[in-house]
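Hello,

Here is the structure we talked about. Please open it alongside this note; what I found follows below.

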Amino acid sequence: LPGTAVTITAPQVEGKTFSRWNVKGATVENANAQETIITVGDEAVVAEAIYKDCDCNCHAGGIKALFFKIINFFQKLFGQNKVCECGAKH
């Protein structure tokens, strides 16, 4: 129904970080928030979560990534299940 407020939440995607919402048919309270409120307009609503590649050190290339993967391996080994900002469990 037009004027209805709905909370939308973008799911966590491993290896990605949330960037913004692309919404048609509704107004968005905060297009840059992973969880936000939209207010339905007069047309069909389409809400798409836009992600970007995670720029965490653990996803970098080359020697730097290898170094962080080794650290993450030992964190897992000793029960320190680190989760980086992209949601990847290391």
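Start with Phe 73. Its relative accessibility is 48%, so Phe 73 counts as partly exposed. Bear in mind that this is a predicted model. Phe 73 sits in helix α1, residues 62-77. It belongs to a nonpolar surface patch, together with Ile 63, Leu 66, Ile 70, Phe 74, Leu 77 and Phe 78. Together these residues have about 790 Å² of accessible area.

The largest nonpolar core has seven residues: Ile 8, Ala 10, Phe 18, Trp 21, Val 23, Ala 26 and Ile 38. Strand β2 (residues 16-24) gives the largest share, three residues. Leaving out residues up to four places away in sequence, Ala 10 touches Phe 18, Trp 21, Gln 34, Ala 49 and Tyr 51.

Next, the rings. How many aromatic pairs does the whole structure hold? The search finds two. Phe 18 and Trp 21 make a tilted pair, 5.7 Å centre to centre with 55 degrees between the planes. Both of these residues are buried. Phe 18 also pairs with Tyr 51, this time edge-to-face: 6.2 Å centre to centre, 85 degrees between the planes. That pair links distant parts of the chain, as Phe 18 is in strand β2 and Tyr 51 in strand β5 (residues 46-53), 33 residues apart.

Tyr 51 has 25%, so it counts as partly exposed. Ring pairs join Phe 18, Trp 21 and Tyr 51 into a cluster.

Best wishes

Methods. Residues numbered from 1 in each chain as written. Predicted model: local features only at pLDDT ≥ 70, side-chain atom pairs only at ≥ 80, totals over all residues. Heavy atoms only, no water. Core = buried A, V, L, I, M, F, W, Y, C linked by side-chain atoms within 4.5 Å. Buried < 20%, exposed > 50% of the residue type's maximum accessible area, 1.4 Å probe, protein only. Helix = DSSP H or I, 4+ residues; strand = E, 2+ residues; numbered from the N terminus. Contact = heavy atoms within 4.5 Å. Patch = residues over 30% accessible without salt bridge, like charges linked within 9 Å, V, L, I, M, F, W, Y side chains within 5 Å. Areas by Shrake-Rupley, 256 points an atom, 1.4 Å probe, with all protein chains shown as cover. Salt bridge = Lys/Arg side-chain N within 4 Å of Asp/Glu carboxyl O. Phe/Tyr/Trp six-rings, centres within 6.5 Å; stacked < 30°, edge-to-face > 60°.
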